Amino acid sequence: MPESITITDNRTGQSIEIPIENGGVSSAAWEKLLPGVWFHDPGLTATAMTESAVTYLDGDAGILRYRGYPIEQLAEESTYLEVAYLLLKGELPNQTQYDAWSSEITHHTFIHENVRKRFLDGFHYDAHPMGMLVSAIAALSTFYLDAKEIYDPAAREKQIVRLIAKMPTLAAAAHRFSVGMPFVYPDNELPFAANFLSMMWKVAEPHYKANPALVRAIDVLFILHADHEQNCSTTAMRTVGSAHADPYSSAAAAAAALYGPRHGGANEAVVRMLTEIGSIENVAPYIEAVKSGKTRLQGFGHRVYKNYDPRARIIKKVADDVFEVTGINPLLDIALKLEDVALHDEYFISRRLYPNVDFYSGLIYQAMGFPVAMFPVLFAIPRVSGWLAHWSELLDQDGKIVRPRQVYIGEPERKYVPMDQRES
Ligand code: CMC
């Protein structure tokens, strides 16, 4: 059986055979046979915009692998910084490589004083921290002029290190500002996740020591969120990056996409939904409202997972570890009941709607004391390493600028009408 498809243009009788390679068919052959006939693919549900070697995802089987390594093994055995290295460089680091990488990241955690004092401090007192983060990432491009040298390997590496290192500092700064607390400088004696928690929660103690179980939980959550192949924000990163914008501007676009409630804002929406449901008795009527199309079950469903999201399974276990330290989040019972009802209901079964990564992550963050507005920020901190891995891959592929086609459905040509002749 040939691994190919044949397309016939019934208007001309001409046929073309297109090989199926790695599960895809090239659009070039289609374009040759059918110039001017475009795929109409809203949301790019059937279009592979790129070849990529970063992350493998099988949504039917519930499989997620970074560079070939199953997410379950990475969550169990690795650290976020090691995963970031893996995503960016394709291989796990040896000890020498890891020490050098970790030291590089650690020594780039500080932000320019003007970013904080003049830029972040200029926001309105109740600014959303994710809005502040998006803007701050974009602003960094004006501080590092070598950011434009995207084909200089040393300059590219430097921006990658800077962005990964500064994300927790910017994130914590945005939080501290929004609650009127003074900025905390990075404590570079601490590992990545512990340093972030120190910048978040330190008050007057000389050294903030976070509970090791909570540090590990944050690190695992960072691993789980580090990449997810061609999701909306990564596609934004690739799209803006394809115009050869600098990595800060591209990452700001990606972060803006992540801000949306259908993407990185979903864990915030889950907690708001659980709070609105309020008690176990209200679960059944809420499920009915979802089924009648009045609302959606936040944290459920996924464009590519038509099975239990493997990250959600790991997060459930992380939740147990966190709740042992913080006490149980009172919304957990409602979440468990919702999941149980939904997983046995024909509406959700037939549409293959399962809990996604965001269903439980918000409960963990809330139990750890993070305000809901910080949830998308917590998602963005590690996702920057995935964005950068895709951005770097795109530049190495020398990819084309993203410039899709459209199916035009507007007016045909018509003559301009002067204002005084238009209908009132
Ligand atoms: N609750 C109720 N019904 C749903 C839901 C939901 N959460 N998600 C999908 N459906 C239904 C939808 O109404 C449709 O039904 P019908 O065929 O009768 O019209 C069917 O399932 C297919 O839905 P869709 O909107 O075509 O699916 P999609 O692939 O375009 O949307 C999604 C994916 C994630 C946007 C959607 O499932 C959703 O809105 N979920 C809630 C928000 C959420 O949890 N987002 C986080 C995603 S995971 C984090 C990340 O990777 O960014």
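Analyst: A polar contact here is a pair of N or O atoms within 3.5 Å; within protein, one must be able to donate a hydrogen and the other to accept it, and residues adjacent in sequence count only if both atoms are side-chain atoms. The model is predicted: local features need pLDDT of at least 70, side-chain atom pairs count only at pLDDT 80 or more, and totals for chains, interfaces and linings use all residues. Residues are numbered from 1 along each chain as its sequence is written, and side-chain values use heavy atoms, with hydrogens and water left out.

In the side chain of His-302, an N or O atom is 3.3 Å from an oxygen atom of the ligand. For Arg-296 the corresponding distance to a ligand oxygen is 2.9 Å, and for a polar side-chain atom of His-263 it is 2.5 Å. The protein buries 73% of the 940 Å² that the ligand exposes when taken alone (accessible areas by the Shrake-Rupley method with a 1.4 Å probe; for residues, only the protein chains shown count as cover).

Around the ligand there are 18 residues, each with a heavy atom within 4 Å of it. Those that come nearest are His-263, Arg-296, Leu-297, Gly-299 and Arg-303.

As for the whole, the protein chain is divided into domain 1 (4–39) and domain 2 (51–403), with bounds from an automatic or database domain assignment. Their centres, taken over C-alpha atoms, are 39 Å apart. The C-alpha atoms of the protein chain fill a box of roughly 80 × 65 × 60 Å along the principal axes. Of its 424 residues, 48% are buried, meaning under 20% relative accessible area (1.4 Å probe, protein chains only).

Notes: Buried means under 20% relative accessible area, exposed over 50%, partly exposed in between (1.4 Å probe, protein chains only).
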